[in-house]
Structure formats: structure tokens, C-alpha cells
Amino acid sequence: MSTTPPTPSITADYAQRVTDDLSANRSEQERVRTELARLQEELVRLEESEQVLTKMQEVLGTTPKQTARKGKSGKTAAVPAARRSNGRAAAGKTGTTTGRKTSKKAASPKKPGEPTWLELATAHLTGQSEPKSAAEVSSALSEAHPERAVQVTVVRNTLEQGVAQGLFVRSKQGRSVFYSPVVPVSA
């Protein structure tokens, strides 16, 4: 009796399975391409409809702030050429802003004559005998200036700006970062 396994049939089974998987993959690619083309055409129709409605709104003289949502540039993002179906140009999304951009000026803006965050942080740190963290500086500034909305990230960025300008010295202790004013060198 022979003890060699029948390798040709196993190889043939695997070859058939790979061929079937490849065929399924290609048919799925084609399905996705047709769906993409349909969605791109729908997007073009919606963009055209938006332009018509915007013009109608301008003619009527009612232009609410919510409807004027165009990005900073009217550029459109296109799908790479390899992904386009039938060689048609892709109609991409117009540049829209994310939710992060809208809250940029959510804090109360600085009124004319008020000191800047850098000036406030410098004044606070100059009066301290030991280095302070950004959280400590922001809590002290919020107590000293309750009329201004103090955010820890704004204070941290301000302190880093002061480090870049040579006004503060940054020191690390483990994962914590502390800031202190630069001590002037006396001759």
C-alpha cells in the first residue's frame, strides 16, 4: 500500500477556492464601482440643486447664516483616476468645515484695552516663587478675571508661545510640565 497523500486533489481544491474567491472579489469591486458612480451622479444633482436654491434665496433676499455653508474655497475633491468608473470625472464633496472650526471664537473675545493672555500669564508667573502648571495658571487667571472665559488649552498654548519668545522656562517633572518666568541675568 502506498502512504503518499493525494496532493493533486488538495492542490486542485485550493486552486478552485482561490479562483472562486478572486471571482467574488472582482464582482464585488464592480458592484462598488457602480454604486460609487450612482452616488457621484446623485451628489452632482444635489450640488446643482443647492446652487439653484441658493440663487433663489439671494433673489428673495433671505440668506440665513446656516445655508451659506460653503468652505473657504470652492474646490472639489475628486476620486483618483484608478477608482473612477467609465473614465468619468468624479464629482467630489465641496470643502466643508468641521465642527471644530465653528467653536473657534466661542470664548469671549478680548475687548480693546484688555491685556492679552500672554500679558496676563507673564504677570501671574512673575509674582510666583515656584514653577506652575498650565492648569494652575488657568485656574488662577479664571479667579482673577471671571469676566473672561479661560480655557486650559489656550493658557497652555500661550505659555508655550512665551517659551518660544524666551519669556518663560519650561521644566518637566515626569509627565507634568511646569512654567516659570525667565530670571534676568544681572551683570
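This is a predicted model: local features need pLDDT of at least 70, side-chain atom pairs count only at pLDDT 80 or more; totals for chains, interfaces and linings use all residues.
Q: How many helices and strands does the chain have?
A: Helices (H or I, at least four residues) and strands (E, at least two) are DSSP runs, numbered from the N terminus. From that end on, the order of the elements is α-α-α-α-α-β-β. The chain therefore holds five helices and two strands.

Q: What percentage of the 187 residues of the chain count as buried?
A: Buried means under 20% relative accessible area, exposed over 50% and partly exposed in between (1.4 Å probe, protein chains only). Of the 187 residues, the part that counts as buried is 17%.

Q: Is S138 buried or exposed?
A: S138 sits in helix α4. It touches V150, V152 and V155, leaving aside residues up to four places away in sequence. Its relative accessibility is 7%, so S138 counts as buried.

Q: How far apart in space are S138 and Q151, C-alpha to C-alpha?
A: In sequence, S138 and Q151 are 13 residues apart. In space, their C-alpha separation is 6.8 Å.

Q: Within what arc do the buried residues of α3 fall, seen down its axis?
A: Helix α3 covers residues 117–126, and W117, L118, L120, A121, H124 and L125 are buried there. They line one face of the helix because, seen down the axis of α3, they fall within an arc of 160°. The arc is that of the directions from the helix axis to the C-beta atoms. For the buried residues of α3, then, the value is 160°.

Q: Which exposed residues does the face of α3 turned away from its buried side carry?
A: The buried side of α3 has a cover that includes α4, α5 (152–164), β1 (168–173) and β2 (176–181). On the face turned away from that buried side, the exposed residues are A123 and T126.

Q: At roughly what angle do the axes of α3 and α4 cross?
A: Axes are lines fitted to C-alpha atoms, for helices over the stretch in contact, and angles run from 0 to 180 degrees between N-to-C directions. The axes of α3 and α4 come within 10 Å. Their crossing angle is roughly 100°.

Q: How are α3 and α4 placed relative to each other?
A: Angles under 35 degrees count as roughly parallel, over 145 as roughly antiparallel, 65 to 115 as roughly perpendicular and the rest as oblique. In the contact of the two helices, W117, L120, A121, H124 and L125 of α3 meet V137, A140 and L141 of α4. By the angle of their axes, α3 and α4 are therefore roughly perpendicular.

Q: Which residues in α5 do W117, L118, A121 and L125 in α3 meet?
A: The packing angle of α3 and α5 is about 80°, and their axes are 9 Å apart. That makes the two helices roughly perpendicular. From α3, the residues W117, L118, A121 and L125 meet, in α5, V154, T158, L159, Q161 and G162.

Q: What is the relative accessible area of S133?
A: S133 is located in the loop between α3 and α4. It touches V177 and F178, with residues up to four places away in sequence not counted. S133 counts as buried because its relative accessible area is 16%.

Q: What distance separates the C-alpha atoms of S133 and V152?
A: Along the chain, S133 and V152 are 19 residues apart. Their C-alpha atoms are separated by 10.0 Å.

Key. Residues are numbered from 1 along each chain as its sequence is written. Side-chain values use heavy atoms; hydrogens and water are left out. Contact means heavy atoms within 4.5 Å.
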